[in-house]
Amino acid sequence: MSTNSASVAWLTQESYNRLKSELEHLSGPGRTEIVARIEQARSEGDLKENGGYHAAKEEQGKAEARIRQLTHLLNNAHVGEAPADNGVVEPGMMVSAKIAGDVENFLLGSREVAGDTDVDVYSEKSPLGAAIQGKKAGDTVTYAAPNGKQITVEIISATPYAG
């Protein structure tokens with residue numbers, strides 16, 4: 001599986017379906033609801049001091065940004081089963097690693113895959129993610145953190161994310 005393109009994200013089918021449903025709601029009934037709130041608030045008079053109007057416009061802006069984000073993500077996602085259980089670090093894997101002396105467990109991939117769980121997620125495009133991609137249990141790698149500090153990472157295990 002090749003996910004090296006800057007815009008490709010790995011998603012489970014369940015994550016893809018959940019995000020597609022969210023997009024359909026936001027771009028259909030969600031838009032209609034916000035427009036109705038804007039119109040209702042606009043009818044209340046002076047827009048300069050109309051808190052309801054400004055709140056609805058702000059909500060509309062956030063919804064439109066989320067629609068753009070979801071559209072881009074879904075159009076460029078690699079959807080499928082979790083990667084092979086071969087212990088190689090790649091998007092879609094739960095990684096256990098000793099980072100600067102502390103053991104951490106996290107998902108390598110998109111925050112959207114983990115949904116509402118409290119699983120820590122690191123992008124494969126992050127300095128850590130880029131450094132450990134393709135590594136396996138027992139491998140040790142050093143990468144430069146954004147602050148310039150060199151950080152050593154030892155891979156303990158990598159298993160497919162079960163969501």
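Which residue in β7 is the bridge partner of T140? It is E154, and the tour comes back to that pair below.

**Before selecting anything**

This is a predicted model, in which local features need pLDDT of at least 70, side-chain atom pairs count only at pLDDT 80 or more, and totals for chains, interfaces and linings use all residues. Residues are numbered from 1 along each chain as its sequence is written, and side-chain values use heavy atoms, with hydrogens and water left out.

Colour by pLDDT, the predictor's confidence in each residue, from 0 to 100. The protein averages 85, and 92% of the residues score at least 70. Select residues 1-6: pLDDT stays under 50 there, and the model has 13 contacts beyond four places in sequence for this stretch. Contact here means heavy atoms within 4.5 Å. Where pLDDT is low, the predicted coordinates should not be read in detail. Helices (H or I, at least four residues) and strands (E, at least two) are DSSP runs, numbered from the N terminus.

**The sheet**

Select the 5 strands of the open sheet, in the order β5-β4-β3-β7-β6; the pairing is mixed. β5 (121-122) and β6 each have a single partner strand and stand at the edges, so one side of each lacks a neighbour in the sheet. Two strands count as paired if DSSP finds at least two bridges between them.

Start with β6 and strand β7 (residues 150-160), which pair in the antiparallel sense over 5 bridges. In this pairing T140 has E154 as its bridge partner in β7, and Y143 has I151. The hairpin of β6 and β7 has 5 residues between the strands, and in it G148 takes a positive phi near 95°.

Move to the other neighbour of β7. Strand β3 (residues 93-99) pairs with β7 in the antiparallel sense over 7 bridges, and I99 has V153 as its bridge partner in β7.

Next, select A100, in the loop between β3 and β4. Its phi is near 50°, a positive value in a residue other than glycine. Most residues other than glycine have a negative phi, and most peptide bonds are trans. A100 counts as exposed at 57% relative accessibility; the classes are buried under 20% relative accessible area, exposed over 50% and partly exposed in between (1.4 Å probe, protein chains only).

**Inside β3**

Select S96 in strand β3. Is S96 buried or exposed? S96 is buried, with a relative accessible area of 10%. A polar contact of 2.9 Å joins the side chains of S96 and N105. Such a contact is a pair of N or O atoms within 3.5 Å; within protein, one must be able to donate a hydrogen and the other to accept it, and residues adjacent in sequence count only if both atoms are side-chain atoms. Not counting residues up to four places away in sequence, S96 touches V103, E104, N105, E154, I155, I156 and S157.

Now take V95. Leaving aside neighbours within four places in sequence, V95 is in contact with residues including F106, L108, I132 and I155.

**The cores**

V95, I132 and V153 have the most contacts inside the largest nonpolar core, which has 17 residues. The elements giving two or more residues to this core are β3, β4, α4 (127-132), β6 and β7. A second, separate core of 15 residues includes L23, I38, A56 and I67. A nonpolar core is a set of buried Ala, Val, Leu, Ile, Met, Phe, Trp, Tyr and Cys residues joined through side-chain atoms within 4.5 Å.

**The aromatic pair**

Rings of Phe, Tyr and Trp (its six-membered ring) pair if their centres lie within 6.5 Å; planes under 30 degrees apart count as stacked, over 60 as edge-to-face and the rest as tilted. By this rule there is 1 aromatic pair. The ring centres of F106 and Y122 are 4.8 Å apart and the planes are at 80°, so the pair is edge-to-face. F106 lies in strand β4 (residues 102-108) and Y122 in strand β5, 16 residues apart. F106 is buried at 1% relative accessible area, whereas Y122 is partly exposed at 29%.

**Last stop**

Select H25 in helix α1 (residues 13-42). H25 counts as partly exposed at 38% relative accessibility. Beyond four places in sequence, H25 touches G30, R31 and E33.
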